[in-house]
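Please look at the sequence and the structure shown here before reading on. The report that follows takes up a record annotation and then the salt bridges.

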Amino acid sequence: MGKADFLSPKAISNRIKAKGLQKLRWYCQMCQKQCRDENGFKCHCMSESHQRQLLLASENPTKFMDYFSDEFKSDFVELLRRRFGTKRVHNNIVYNEYISNREHIHMNSTQWETLTDFTKWLGREGFCKVDETPKGWYIQYIDRDPETIRRQEEQERRKKQELDDEERSARFIEEQVRRGRDGKETEVSRSSLVFNLGASSSGINRKLFVSPGSSVMGASALKAAASTSTKRKDTSSSETRGEKKKKKSALEEIIEMEEKKKQKQQAVRTDYWLQPNIVVKVTTKRLGEKYHKKKAVVTEVRDRYAAVVKMIDSGDKLKLDQDHVETVIPAPGKRVLILNGPYRDTEALLEGIDEKNFSATLTLDSGEQKGKRVDVAYEDFCKLA
């Protein structure tokens with residue numbers, strides 16, 4: 001019987017059958033030929049072309065298997081990436097879609113015997129995330145493309161920047177609220193601030209005791225208010241240029257007086273305060289419990305920062321640095337000596353003690369301003385012997 005014509009029903013039927021998928025067991029991967037039945041596959045295996053392909057494969061079988069395995073893996077992973085992305089999907093769904101292509105690489109020509117083995121291999125090599133469930137194996141593609149990684153890093157950087165902006169805004173709002181709350185406070189407690197002034201010529205560290213009063217804090221607040229009023233005046237003066245200069249306001253005069261007072265106080269303050277004939281208390285523990293917290297009278301001052309003291313209880317004489325002693329505040333009505341500030345070296349009478357502001361009210365008992373009542377910090381006066 002002769003071969004059917006190209007347009008004969010038999011030829012058209014054969015072409016239609018050849019378009020669809022055939023059984024895998026009748027496919028020859030070496031020759032890439034699909035047979036429609038068992039008899040056709042048997043005839044193909046006996047053909048000369050198939051025998052030549054077998055001879056080529058027998059010379060280096062590993063080479064052909066590696067080639068087919070690599071092609072199968074590449075096509076499978078590419079389909080998974082393009083079709084499903086990074087979604088979690090059942091491996092059978094991907095495989096059925098892969099083998100729907102008539103020209104695909106068959107698994108029986110690769111190094112993997114089953115789809116489960118291939119799925120486990122993808123997980124071990126890091127191509128996909130795999131997990132086993134009662135319904136079978138699921139796979140999820142891991143995108144390692146440099147462009148994708150760059151986009152992810154860019155997105156993370158933007159998210160972090162947005163979070164940083166929000167944190168900065170929150171901090172700014174908190175700072176403004178705190179400043180507003182602090183600005184409403186009218187009473188400021190006076191505390192002793194200790195500043196290290198470094199080592200003196202004798203090698204001993206000195207400390208300066210400063211007691212900022214409410215007047216200093218008030219000056220800073222008035223200064224801030226004055227700066228605002230000054231800005232407003234500059235604006236108004238620019239509009240009325242050429243007019244006569246206005247007189248200073250009461251607020252500006254108060255600020256100038258406070259600044260002058262502050263400068264005067266700073267000019268007369270020193271970092272040494274020891275004077276003869278005053279009562280001090282030993283604060284250092286290096287001499288033992290015998291002298292710790294005991295009172296003594298300063299008999300002699302040496303090099304401004306050291307003093308020879310005589311213990312009141314035992315009569316022992318010691319040489320101590322001013323850092324190792326502190327001033328003694330007597331009961332009201334007793335005489336004291338002012339050690340630092342604008343009224344330095346002036347004797348006074350202790351009228352009362354203000355524990356809240358760490359200061360005392362003194363009545364000057366000598367000098368040009370005798371009889372004047374002043375407020376002096378604890379560390380600026382001491383009991384007379």
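Helices (H or I, at least four residues) and strands (E, at least two) are taken here as DSSP runs, numbered from the N terminus. The model is predicted, so that local features need pLDDT of at least 70 and side-chain atom pairs count only at pLDDT 80 or more, while totals for chains, interfaces and linings use all residues. Residues are numbered from 1 along each chain as its sequence is written, and side-chain values use heavy atoms, with hydrogens and water left out.

**The annotated region**

An unreviewed UniProt entry lists residues 149-176 as "coiled-coil region"; UniProt positions are given in the numbering used here, feature names are shortened, and annotations may be inferred rather than shown by experiment.

**Salt bridges**

Side chains of opposite charge can pair when their charged atoms come close. A salt bridge is counted where a side-chain nitrogen of Lys or Arg lies within 4 Å of a carboxyl oxygen of Asp or Glu, and a search of the whole structure finds ten salt bridges. The table gives some of them.

| Pair | N to O distance |
|---|---|
| Glu78 and Arg81 | 2.6 Å |
| Glu78 and Arg82 | 3.7 Å |
| Glu97 and Arg83 | 3.0 Å |

Glu78, Arg81 and Arg82 are linked in a network of salt bridges. Because Glu78 and Arg81 are three residues apart in helix H4 (residues 61-84), about one helical turn separates them; Glu78 and Arg82, which both lie in helix H4, are four residues apart, again about one turn of the helix.

How far apart in sequence are the parts that the pair of Glu97 and Arg83 ties together? Glu97 forms a salt bridge with Arg83. Glu97 lies in helix H5 (residues 91-98) and Arg83 in helix H4, so this pair ties together parts that are 14 residues apart in sequence. Glu97 is partly exposed, with a relative accessibility of 30%, and Arg83, at 48%, also counts as partly exposed.

How values were computed: Buried < 20%, exposed > 50% of the residue type's maximum accessible area, 1.4 Å probe, protein only.
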